[in-house]
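Visitor: Hi! Could you walk me through this protein model?
Guide: Happy to. Let's look at it together.

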Amino acid sequence: ELEFKSSLRFDHKVGQASRDVEKAAMKTVAAFLNSKGGYLIVGVSDARMPLGLENDYHTLQRKDSDGFENHFTQVFNSMIGPEFRSLVKLWFHNIDGRDICVVHVLPSPRPIYLKADNSEHFYMRTGNISTALKLSEIESYSRSRWPQPVREA
């Protein structure tokens with residue numbers, strides 16, 4: 001229920017903004033939504049070292065936490081859907097002079113799909129990773145995760 005990402009959109013390997021980095025972050029958010037929820041910490045390495053959001057800020061029109069949250073919302077709305085945005089809260093903290101973002105994701109009341117690469121993908125959390133389910137696995141998982149309410153006759 002805890003994941004670290006060094007960035008929301010800045011690829012540290014190539015030194016520029018990357019749609020693949022954004023997709024990786026949204027994949028984690030989607031998996032949390034489809035599971036029991038969780039926390040995504042952006043601006044922190046897997047080794048839990050604060051890297052900050054400065055590289056992300058420099059790629060945005062508004063180069064601060066407000067611009068970061070606006071961009072997060074745009075990417076979220078595009079890849080997951082605005083109807084689920086109320087299930088995600090963002091907080092910014094300064095650690096050792098570096099901004100980080102804590103993304104708290106609540107569990108979704110229904111299945112959500114990540115829209116990317118001209119298709120839709122279904123992710124869930126298995127241990128500490130986000131796992132894509134095959135089409136044949138989604139129905140069974142959905143029935144166990146979102147059981148239908150018992151209806152009175």
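Visitor: What radius of gyration would a compact globule with 153 residues have, and what does the chain have?
Guide: A compact globule with 153 residues would come out near 15 Å, and the chain has 16 Å, which agrees. The radius is taken over C-alpha atoms, and the globule rule is 2.2 Å times the number of residues to the power 0.38. Bear in mind that this is a predicted model: local features need pLDDT of at least 70, side-chain atom pairs count only at pLDDT 80 or more, and totals for chains, interfaces and linings use all residues. Residues are numbered from 1 along each chain as its sequence is written, and side-chain values use heavy atoms, leaving out hydrogens and water.

Visitor: How many helices and strands are in the chain?
Guide: The chain has four helices and ten strands. Both are DSSP runs numbered from the N terminus: helices are H or I with at least four residues, strands are E with at least two.

Visitor: What is the strand order in the open sheet of four strands?
Guide: The order is S1-S4-S6-S5, with mixed pairing; two strands pair if DSSP finds at least two bridges between them. S1 (2-5) and S5 are at the edges with a single partner strand each, so one side of each has no neighbour in the sheet.

Visitor: How many bridges join S5 to S6?
Guide: Eight bridges do, between S5 (residues 88-95) and S6 (residues 98-105), and the two run antiparallel. Phe92 stands opposite Cys101 in S6, and Asn94 has Asp99 in S6 as its bridge partner.

Visitor: And what lies between those strands in the hairpin?
Guide: Two residues, and Asp96 takes a positive phi near 55° in this hairpin.

Visitor: Switching to helices: at what angle do H1 and H3 pack?
Guide: H1 (residues 19-33) and H3 (residues 65-79) pack at about 70°, with axes 10 Å apart. Axes are lines fitted to C-alpha atoms, for helices over the stretch in contact, and angles run from 0 to 180 degrees between N-to-C directions. H1 and H3 are therefore roughly perpendicular (65 to 115 degrees; under 35 is roughly parallel, over 145 roughly antiparallel, the rest oblique).

Visitor: Which residues meet there?
Guide: Among them are Met26, Val29 and Leu33 in H1, and Phe72, Val75 and Phe76 in H3. Contact means heavy atoms within 4.5 Å.
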